[in-house]
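Visitor: Hi, could you walk me through this structure? I'd like to chat about a few details.

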Amino acid sequence: MKKILQILFITTYLLYAGTSVTVVGSQTTVQQTVTYISPSTNNTNTSTSSSNNTYHRNYRYTSTRTHRYMPSPIKITIVYYSIFSEEDSKDGKRMRFNIAFSKPVKKDITLKYEIVPQDITLGQDILQSQYGSINVKKGSKSADIYLDVVDDSIKEDTEKFLLKIKKPAGNFKLDNSTCQGMIIDNDQDKKPSSASGDYIINGGNPIDTQIASTQTLALSVQGKPGFEVVTYDGYKTSKSCSSPSCKVVDDKKICTSQCTTTTYHVVETSEKMTVDTIILHRFKEYDPVSKECSLESSVILNDNTSKSGYKSNTNRYAYGKQNRYRKRNRYQKQNMNQNMNMGSNQSSNNMNNTRTRSRNCHRKNRGSSYLNENSSTKYLSLDSGESMTVYVPLDTAYRCVYVEVLGHSDKDKDGNIQQLKGVSDTFAIRPKSFHINAKDLITSGKNFDFNINASGVDFNTTAGYSQMQTKTFDIDVKDKIYSTNDLKIYDVIFYDGLSELKVLNYDEVGVLDIKVSEKPTNYYAIVDESNSYIEPDTKTITFIPEKFSLDYSIGYQNGASFAMFSNNVDEMNSRLRLDIKALNAKGAVTKRFTKNGYADDCNLTFEQSINKSAGQKVYYKYATDEKNAVLSDVKQSLSFILPKKDFINGELIGDIKESFARVKNMPQNPIELTTYKLDIVDTNYTSVTGLNNNQKKSYHYYARAHVAPDPFIVKGTYMSANVFYEIYCKSCDKSKFLLANNRSSIDSVYWYILPASIYLSKGICDIKTAIDSINHDGNILSKERVNPNQIDIKIKNAPYENKIIYTPKFDYLLFDRVNPSVVNHKFIVKFTSANSIWAGEGNLGNTVDTNISKNANMGIDW
């Protein structure tokens, strides 16, 4: 609770005449009290100024000050300016002191001050340390010292402290250097208004009463203890006689006695308080500003005009008389007319931040109707202190309810009847709880229905509860992961316990908590002052995508236009290039379907077949998930889990790699791989799916790196050997696989040379730089890979013959007709002297070096 501060300023002006006069002024507001003493004088040249200012949560104060012109030195005065402002400092409020200078300071100065604790604790009641200072700029005529007062909830006594300022260096004079401050705690005990009148009516105030159509609230109506009415005040006489004394005279017995007549003052009283009418006053609205309720209706709870012992057919709620200390049933609860007009109109008031209740909240525009007194009325009398029970219906909500009892006394000694009245505390009849009605699982981007019930203890909708959002309740929406969301719920209005149906729409995915709760500054039962809140309700709604868009294309290693058989799917492959988006019902991407957001693992399934009946092993890989399958010309289904971590802002882009198994000594015809359809399903919400029925094909070839193994015969000591990259096709459809225009291998059937234009830039055909030979006799000067298609060899002396060893850079280019474990390739070179003659000289060399290398090859080129 906020602490209230009281500052007491003690100042004495030293006048030329050597006199001093003290003037006292004070003013109290609702929240704070400021009392201070300021100097004054009787000098006729004295001028007086006064100000009265009000600040929100600040002090209102009246200041009376006396000034006397002094040209030199500069006088420094502590002037109270304002204490509270809206500038928070940590968890408290700021107290402000204004330091006034009689004229502008002529240079920058530092003004030091000290806080002297008396009852306060520095750091707990005031945040500042004991010593502090402020900087005053040249030309200033005033400066401020701020102290931060801690607002706690601990009940404490008034605490005091002193603020002292110290004289700065220079031509300055302190008019007053000390002021005393007091911190007055505002954590007071809350005492509800008590019932009033001649009858004592209570039900345990404050009353937390919830709607229950089958229940009633029992209030005790007690005769006022000590009540009495003087019914006779006068004099009466009494006569007393002594026992007779007898004697016989003339045969007659004569008896005499002594009698005394006494006159005395008699006062007779009655303790009877007769109850005539019990009225329930009900109000729909409460205004915390005026602290009054707007009358809705009044209902008579009893009808005493019946002479049948309160058994009128119009009675639903009767009452029972009780002894002061033990209960005894005297009357039974009867039925009352069910068609009692409870009213349903609502008035709308602006509610301010207050929880102060007035005992007069029900006094405004009462308009109550009472039963007329009737000489034939059968009354119920209560002895002084005796009690009865009144039953209040709880079937309709009201912000303010109170019970009024009207009655009368016996006739007094003058024949007059005293009219009696008692009023109960004001309380509320409220719903027990809120219940949000909406689906738990909703498709993003689709409209959905939303409303709220205010229900009683029997879970039935509460009649009479008609309220507007932001007036007595609020609706808060929070995302469980993200700090913001775009779901806004405005203008919710209750009519008789049920809010109007709202049609809402949320375009994102996520899990949202929607909470409806009452405003602590103006809750429905605020008149009770007991934090009698309607129980809040939180609805958790999960929003999911409507579907996935699933696009894919065929891609190849390094952007090539075909793939080669390979046992290493990372080294050579074709691939299904996936582009998957999570969409809402409007077709927009739900960006919160993402890793660290609301993405789910998804299952991707696809169907494939190949153009051959014999089974062919295929390797697959998605990210780190590797699989293999045997395909044929029969469609086969395969699947992968796409993990949620691969979704970024609602989209997944990824590849499923494919390559056909390869045996190094068993060449195979090209294969056409056909993908027929892909579909995707969210593993958590199986209704969220995507499908693509587009059929697409990829092409796979068995390839090798090849240098003719027959001897290269050259004259001289230098030669270049050509490396070719060839694919196998024995009985394949050369047209389908784009081989019709490719040249055949220089020394092998069924092998076709790939033109360099389709692989050189892709880096998928190459040999390693290390070139070796079988014989290491020192005659070879150099063996060099010039480029993927050329090996240069230089020797010292000819004639010379050796076997050169080269290694393809990739395993999918290794081939040997016999050895399935081949790791490199070899070819033979022969060097002759310049004047040597070989049969067929140059024919093979010319064919290799000229025809193959220079002719354009217009075959496979995708």
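Guide: Happy to! This is a predicted model, and we can start with a charged pair: glutamate 404 and lysine 421 meet through their side chains in a salt bridge, at 3.8 Å from N to O.

Visitor: Nice. Which strands do glutamate 404 and lysine 421 lie in?

Guide: Glutamate 404 is in strand 29 (residues 398–411) and lysine 421 is in strand 30 (residues 417–423), so the pair ties together parts that are 17 residues apart in sequence.

Visitor: And is glutamate 404 buried or exposed?

Guide: Glutamate 404 is buried, with a relative accessible area of 0%.

Visitor: Could you show me another one? What does lysine 621 meet in a salt bridge?

Guide: Lysine 621 meets aspartate 570, side chain to side chain, at 2.7 Å from N to O. The two come from distant parts of the chain, 51 residues apart: lysine 621 belongs to strand 45 (residues 616–622), while aspartate 570 is in the loop between strand 42 (563–564) and strand 43 (574–583).

Visitor: What about the accessible area of lysine 621?

Guide: Lysine 621 has a relative accessible area of 13%; because buried means under 20%, it counts as buried. Aspartate 570 is partly exposed, at 35%.

Visitor: OK, and which residue forms a salt bridge with arginine 577?

Guide: That would be aspartate 655, whose closest N and O atoms to arginine 577 are 3.2 Å apart. This pair also links distant parts of the chain, with aspartate 655 in strand 48 (residues 651–660) and arginine 577 in strand 43, 78 residues apart. Aspartate 655 counts as buried at 18% relative accessibility, whereas arginine 577 is partly exposed at 39%.

Visitor: Which residues do salt bridges that share partners join into one network?

Guide: Asp570, Lys621, Glu626 and Lys657 are joined into one network that way.

Visitor: How many bridges join strand 43 to strand 48?

Guide: Eight, and the two strands run antiparallel.

Visitor: What does threonine 605 touch?

Guide: Leaving out residues up to four places away in sequence, threonine 605 touches Ser637, Leu638, Ser639, Lys677, Leu678 and Asp679.

Visitor: Last topic, then: what pLDDT does the protein chain average?

Guide: The chain averages a pLDDT of 76, and 74% of the residues score at least 70. Over residues 81–92 the pLDDT is below 50, though this stretch has 38 contacts in the model beyond near neighbours in sequence. The pLDDT is also below 50 over residues 838–862, a stretch with 50 contacts beyond near neighbours in sequence.

Visitor: How should I read those parts?

Guide: Where pLDDT is low, the predicted coordinates should not be read in detail.

Key:
Residues numbered from 1 in each chain as written. Predicted model: local features only at pLDDT ≥ 70, side-chain atom pairs only at ≥ 80, totals over all residues. Heavy atoms only, no water. Contact = heavy atoms within 4.5 Å. Salt bridge = Lys/Arg side-chain N within 4 Å of Asp/Glu carboxyl O. Helix = DSSP H or I, 4+ residues; strand = E, 2+ residues; numbered from the N terminus. Buried < 20%, exposed > 50% of the residue type's maximum accessible area, 1.4 Å probe, protein only. pLDDT = per-residue confidence, 0-100. Pairing = 2+ DSSP bridges.
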